[in-house]
Each structure stands twice: as C-alpha cells, then as structure tokens.
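Subject: Structure for your files

Dear colleague,

Here is the structure I said I would pass on. My notes on what was found in it follow below.

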Amino acid sequence: MTAAGAVLGDAPSGGPGSIAGASPSLWQQARWAVEDSLVITKRSLIVWFRVPSYIFFTVVQPVMFTLLFRYVFGGAIEVPVPGGYVNWLIPGIIAQTAGFASFSTAIGMSRELQRGGIDRIKSMPTARSAFLTGRLTADVLRLLITTLVMIGVGYLVGFRFTGTVAGAIGMVVLAELLGVAVCCVSAHIGLAVKDEESVQAFGLIWVFPLTFVSSAFVPISTMPSWLQGFAKHQPFTVVINALRILALGRSVEQAVGQTLGSALWQSLAWIAATLIVFIPLATRAYKRA
Amino acid sequence: MIIDVQGLRKSYGTVEALRGVDFSVPEGKVLGVLGPNGAGKTTAVRILTTLLEPSGGRATVCGFDVVRQAAAVRRVIGLAGQATAITPDLTGFENLEMAGRLYHLGKKTSRVRTTQLLERFDLTDAAKRPAKTYSGGMLRRLDLAASLIGRPRVLFLDEPTTGLDPVGRLGMWAIIRELVTQGTTLLLTTQYLDEADELADEIVVIDHGLVIASGTSEELKDRIGGDVIEFAVTDRSTLKAAIEAVAALGEAEPTVDSQAGRVQVHAGGEGSELLVEAVRCLDAAGVATTGLGLRRPSLDDVFLSLTGHAAEQEEGTYGASADGQTRPGRRARRGRS
C-alpha cells in the first residue's frame, strides 16, 4: 500500500507499532502543534468578537460587578487600604473575572463536544494538543483584554495603582496565570461532563464560594470565625492578596495580612499544583471525548 | 482493500454496539452501510476514523491500522456527516480555510482549495456569510467540502442526508456521485434504503451490531425473489375487496398501507404474467386503482425480509408497522427520486 500521495504528498507509511513511527519529524510536529493551536485560537477569538452576547458576558458583566460593589455595597464596607474601597475592590474583581472567565471555557468545550466539532478535528491530522491549547490561549487572551478593560473602568471610578510599575504589570501577569489554572479545571469539567446544560447548571458552582468566600470584596475579619479558616487559606484569597500588594505596594502588606513573598509563593504553588493535576486530566478527557 | 474490517467489536459496559463485524471496500468503490438507528453504523465509522478504539477485532484504512497507526490513518481520510463540525459563527470561507489549516495545507493552499471547493459546491455566493445563515443543504455541502479539503483517499459520510429535504438530498447525491467518479473510496452510512440503492456499489446491512446481509443491491434484491406488484385503490372503501382479489397472487400476504390505500404483492418470479392476472382480478372485483405497476423489490423489502422490521423504524417507536409498512413520508420521497 503506498502512502497518501494524493493527500499530502509527504506522508510516509507508518512503521509498525507506534503512532510516532508513522509521523513526521519531531520538529515538524512541534511546528504543527503551535500552528494548529493558533488556528484554533484565532477561530475562537473571531467568534468572540463577532457574537455580541459573548462579549457582553465576558466584559460587560465584570464591569457591572465593579460598579455594583463600588457604588452600592462599597459605602458600607470598611477597608484598611489607602484609596478606600475601590482600591480594595479592583484586584478582587480582577481575580473574580479570571474565575468567571472559565465559564466560557467549560461551556465552549461541552458545546463543541455535543455538536461534534471535536470529532472532526480529532479525525484530522491536526496536532492532538491543539484543540486544548488553542482554546486555552484564546481564553487567556480574552481574559487579558477583559482585565485591561477592568483596570480602565477601575481608573474611571477612582482606582489607582499606588505601587510600582513592575507591581502593576506583575498583577496583570498573576491574574492571567490564575486564569490559565481556572480555565484548565473548567476545560476538564466541560469535557468530562459533556452535557452543556449540566455544565451550565452544576459544573461551575465551585467558582462561587471560591470567589465570594475570599478577600475579594470584604476583609476576611468581617466573616464569622468558622468561615475565616477556609476564606483565609483558599487559593483565591492567596492570589487576591498577592494581586492587591502588587497593585498597591508593599505598604498594604499588613492590611492584607500577608507579605508579598508569602502571598506570591503560595499563589504560584496553588497555580502550579492545579496545572499539574488538571492538564493531564483535561488531556485525558479530550482523548476520551 | 482500502478499508478492511475483521471481527470488529465494541462494547460500552454491557451494551454491545458491534458484535463482530466484517466488511471490506476496494479502491474507488462505495460501500453503503445500512441499518436502523442504533444498529452500530456510527460506532463503526467512529472506529474507522480513529475516534474510538475497538474492544476487539481489527480494522485498516489504506493499510494502516486504525489503532496502532491512527496518525497515518488521519492523513488519508475525510469525515463528514451531519454538518456538526461547522462553526456557525464563522463564514463558509473561514470554516473551510480553517479546515485546510488544520489539515496542514498551509495558508496559501488552504485559500486556493477553499475557493475551489466553494465554487464546486455552489457556495461561492454564500462564502462571506456566517454558516448559521445557511440552509440545511448548504450546511451539508459545506461540511462535505471541509472533509475534502485535504483530498482524502477515503471519505466517510455518516448519514449525509438525514434530515434534508428532497431537493437537498438530490443535491447531495449528485455531489457524492461526482466524487466517486473521481476515484474517492467512500463509506456511506445511511438509514435510507433508496440512498444505498442509489449510491452504493456494495451494501452491508447492519442490525443490532451484526452484519446480517451483504452484497450488491441487485444481489440483495434477488434474495427475496420476485417482483412486487404495487397499486393504490382510488376508493378507500374498496381496499378490503382489493386485498382479497389479489391475495392469491403473491407468495405471501400482501402488505397494506391502509392510510394511503396502497397494496403491495410480492410475486414469485413471473411478474408480468401476474401483473396481467392482477388487473383481471381487480377488474372482476370492481376495484378502481391508480398507479398499478410492477417493480423490482426495493431494499425496503429486503430489509423487511431480513430483519422482520422495517428499516427506518426506530426501535419501539413505530410499533404500528407490524403490517410491514414503512412511514408514508419515505414513500413520498422515493416517488421523487
């Protein structure tokens, strides 16, 4: 049997035994893995820009949260940072946005799975990793845009970076890393649960306690003591503490209740642990899907 | 053999979707895999397109093992079906171009192929519109075009016309026929007998995860013997008299669609003489008929005689078809094809 001259011209016939044996060079494969991901990323972003309701969900919703907390609840909440509640709020909202960004990841995955779009891609010579990495890249780029919009809106309602420029950049970077981790978890849920409605109904509930029972909106000391233990040590709080110190400077370390070093170290550990667990899980769910 | 399937089995827990299926397809031929919903057709296609690992048996496509050499298989196949792989918010052009890129054709070739395929599939005018504005027939054509972007040697079409209107069906048939003349090897699953009849060189009939018959459409028809006399009564009240008049002519009980007033008699062999006889009997009984004629047995008849149930009957749903009738809607379609 000759190899597919009509199709690609360069497909060598597979040696017995392994998939890799039938494949082009590692370099070529790596190039395809990147290119294929970018094709998927581009597609995902085009759809996002084209469908108003997607933009609404990802951008307008966090802006609404900002305005609500800033003007409705904010007046009633005492916070120990310079610049008042809005400076407390914006880093928290940015972390929450990263959490909510994963909704579209999970729902997108299950929708694609149900429609059969994943089948087509899996039956093509497309790199196996491309679908996941492409979608995640798109989600993180979306989150970056959303984060920058949030900072802009924050500035309009009184938020100011009071730390260093490096700190401000660090805040954005850390928020993106958080987003990657949360999106990986959601990708796994979307692919494993499969049914879009179940994903919408139950697959994302875990995001709510993590974002609300945290230091995002109120100082943890105002919560009942039985809740404080969880609130203080759960990953979102740790990341939010780090975001806050990065945004406002080390002078708020005491108000935040953690040093920058410890908050950063713990944040990165949580994020790394999440990635180590969920990247293989999501990959496996994709292969099985 | 371009596609070779031996003893293929797949079970999900205790449910056996495929229970040892064998078939093969020579280069450039069309195999129709025919069977009702849930027969195992889609499972077989998913295994052959490397989406699913079999529980047992083996399958090769262009000589590549679908499990051990899955990557090689993916470079020579195309998969299309019910337009599920189309991104609704992307335009027709974007959908195809993306498929080309994911097929590693490169930017330039992807664009050239996209333009060619849009032209050939009569979608050039709609190329810049989002796919969600397309009609069902246009979507299927776009989906088929996407599966052809990499010039696959073997194409899998999973129920390519399910849910299409008659015009859309005929359009798809024309395109599929054209593909075949260009040498593409095709495996087509369908639950429509007329579709398999129309397009396939060889047919395998699958039911409950087993191949229950295989051969050309003619061979399958020969298996149930003679021709079929078919007519409808003009006056519904004469239906009973008509059935009695022709009952003696057939090898078995006539099949009756009482709603449409249609009667079919499966004659043993000597069709034309029986036809004359039928006219005489009906005339003597004073029954006026329309559309009295003789036809070769259809695959409907074959399926019925092989499985004891009609082909398009979704198990348990059309219990009323114990008299052997398929749904009226299907009958209407055949009239036009």
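In this predicted model, strand β6(B) runs parallel to β7 (residues 154–158) of chain B, and 4 bridges join the two. Within that pair, B:G78 stands opposite B:L155 of β7(B). Helix α5 (residues 136–148) of chain B packs on the sheet here and touches both β6 and β7 of chain B. The direction of α5(B) makes about 165 degrees with that of β6(B).

The sheet in question is open, has 6 strands and shows mixed pairing. Its order in chain B is β6-β7-β8-β3-β9-β10. The edges are taken by β6 (77–80) and β10 (210–215) of chain B; each has a single partner strand, so one side of each is left without a neighbour in the sheet. On average, neighbouring strands of this sheet are turned by 15 degrees against each other, direction ignored.

Another part of chain B to look at is strand β13 (residues 262–266). Of its 5 residues, 5 are buried, so β13(B) is largely enclosed by the rest of the structure. In a regular strand the side chains alternate between the two faces of the sheet. In β13(B), B:R262, B:Q264 and B:H266 point one way, while B:V263 and B:V265 point the other way, and all are buried.

β13(B) pairs with β11 (residues 228–233) of chain B in the antiparallel sense, over 5 bridges; there, B:V265 is the bridge partner of B:I229. β13(B) also pairs antiparallel with β12 (residues 255–257) of chain B, over 3 bridges, and B:D257 stands opposite B:R262. β12(B) and β13(B) form a hairpin with 4 residues between the strands, in which B:G261 takes a positive phi near 70 degrees.

Now to chain A. The secondary structure of chain A comes to 12 helices and 0 strands. Its C-alpha trace spans about 75 × 35 × 35 Å along the principal axes. Chain A has 289 residues, of which 49% are buried. Among contacts in chain A with a separation of 6 or more, 79% are between residues 24 or more positions apart.

Where the chains meet, 31 residues of chain A are in contact with 31 residues of chain B. On the chain A side, the elements that give two or more residues are α1 (26–50) and α4 (117–122). α1(A) gives the most, with 7 residues. By class, this side of chain A has 16 nonpolar, 8 polar and 7 charged residues.

Last, the nonpolar cores. Which residues have the most contacts inside the largest one? They are A:A95, A:L178, A:A242, A:L243 and B:V61, in a core of 159 residues. Domain 1 (3–221) and domain 2 (225–336) of chain B both give residues to this core, so it lies between them. Leaving out residues up to four places away in sequence, A:A95 touches A:A175, A:L178, A:A216, A:F236, A:V239, A:I240 and A:L243. Apart from this core lies another, of 14 residues, which includes B:F231, B:A242, B:V265 and B:L274.

Regards

Definitions and conventions:
Residues numbered from 1 in each chain as written. Chains lettered and ligands numbered in written order. Predicted model: local features only at pLDDT ≥ 70, side-chain atom pairs only at ≥ 80, totals over all residues. Pairing = 2+ DSSP bridges. Axes fitted to C-alpha atoms, helices over the stretch in contact; angles between N-to-C directions. Contact = placed C-beta atoms within 7 Å. Buried ≥ 20, exposed ≤ 12 C-beta atoms within 10 Å, placed from the backbone. Nonpolar A, V, L, I, M, F, W, Y, C, P; charged D, E, K, R; others polar. Core = buried A, V, L, I, M, F, W, Y, C linked by C-beta atoms within 7 Å. Domains from an automatic or database assignment.
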